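Subject: Model for your review

Hello,

Here is the structure I said I would pass on. My notes on it follow below.

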Amino acid sequence: MTRRSRLLTTATAGVAAALLLAGCGGGDGGSSKSNDKIAGADTGASTSASPSASASAAESGRPKIELPSDLSYTFEWPKTGNEVKDAVLADSEQNIKSVDLAIANQDPLDKAYRYYFEGEAAAQIQTYVQAYVKAKARTTGHFRYYDPVVDVSGSDQASLVYCEDQGKAYDLYLKTKKVNKTSVTKDSYVLYSTQLHKNDKGVWAVEKLMSVRGSSKCQP
């Protein structure tokens, strides 16, 4: 059983995308699938260390990401001292939050996530958000991100692997305002792997992503 319920699972080119919705022990909709996937996501609780997330948000026409007050994030991503790696981490904070913004806006084509995701990854996010729209639900609670590993190849290619703790994050059903709380298990911890490239806007955009729910690498 997953930490929280997930609404659906899709697979495209070997990249699984599983929702954080519906599931284990019931809830307000959807059928449960307990395997991997896709991420969805700073508010007062953030310990983000990315250097230019706020400053760069005003640059290059970046979308403003304003999330519901009941959503918060902690990014345990220390500065690397490498300008390129720190930029990858900063943009990755924003791409994570942009997915939750699309869910909160109930918009599968929300412009914020489409600014940070391209190609195959953007198509996955669209499917992911659409499932929340269909279920009339959104995310709530607190997400924690930790153990990032950034690799840079050349001037415009990078990869980022990191862990997500969903132990205090839940699904909220919009009609009933019910929060679907479930117990913390090993499946509350998810390993993500993303491939990014620096596009013509100077943004580190995600092209591909994968995740493994319950990964041993992310267990406390």
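β3 and β4 run parallel and are joined by six bridges; two strands count as paired if DSSP finds at least two bridges between them. Five of the six residues of β3 are buried, so this strand is largely enclosed by the rest of the structure. Buried here means under 20% relative accessible area, exposed over 50%, and partly exposed in between, with a 1.4 Å probe and protein chains only.

This is a predicted model, in which local features need pLDDT of at least 70 and side-chain atom pairs count only at pLDDT 80 or more, while totals for chains, interfaces and linings use all residues. Residues are numbered from 1 along each chain as its sequence is written, and side-chain values use heavy atoms, with hydrogens and water left out.

Ala137 stands opposite Tyr173 in β5. The two strands form a hairpin with three residues between them, and Gly154 in the turn has a positive phi of about 70 degrees.

The chain has four helices and eight strands, in the order β-β-α-β-α-α-α-β-β-β-β-β from the N terminus. These are DSSP runs numbered from the N terminus: helices are H or I of at least four residues, strands E of at least two. Of its 220 residues, 53% count as buried.

The largest nonpolar core has 41 residues, and Tyr73, Trp77, Phe117, Tyr145, Leu160 and Tyr162 have the most contacts inside it. Elements that each supply at least two residues of this core include β3 (71-76), α2 (83-105), α4 (119-135) and β5 (157-173). Apart from it lies another core of five residues, among them Tyr146, Tyr189, Leu191 and Cys218. A nonpolar core is a set of buried Ala, Val, Leu, Ile, Met, Phe, Trp, Tyr and Cys residues joined through side-chain atoms within 4.5 Å.

As for α4, its 17 residues should span 24 Å at 1.5 Å a residue, and its end C-alpha atoms are 25 Å apart, which agrees. The expected span is 1.5 Å times one less than the number of residues. Among the buried residues of α4 are Gln124, Ile125, Tyr128 and Tyr132. Just after the helix, Lys136 takes a positive phi of about 55 degrees.

Regards
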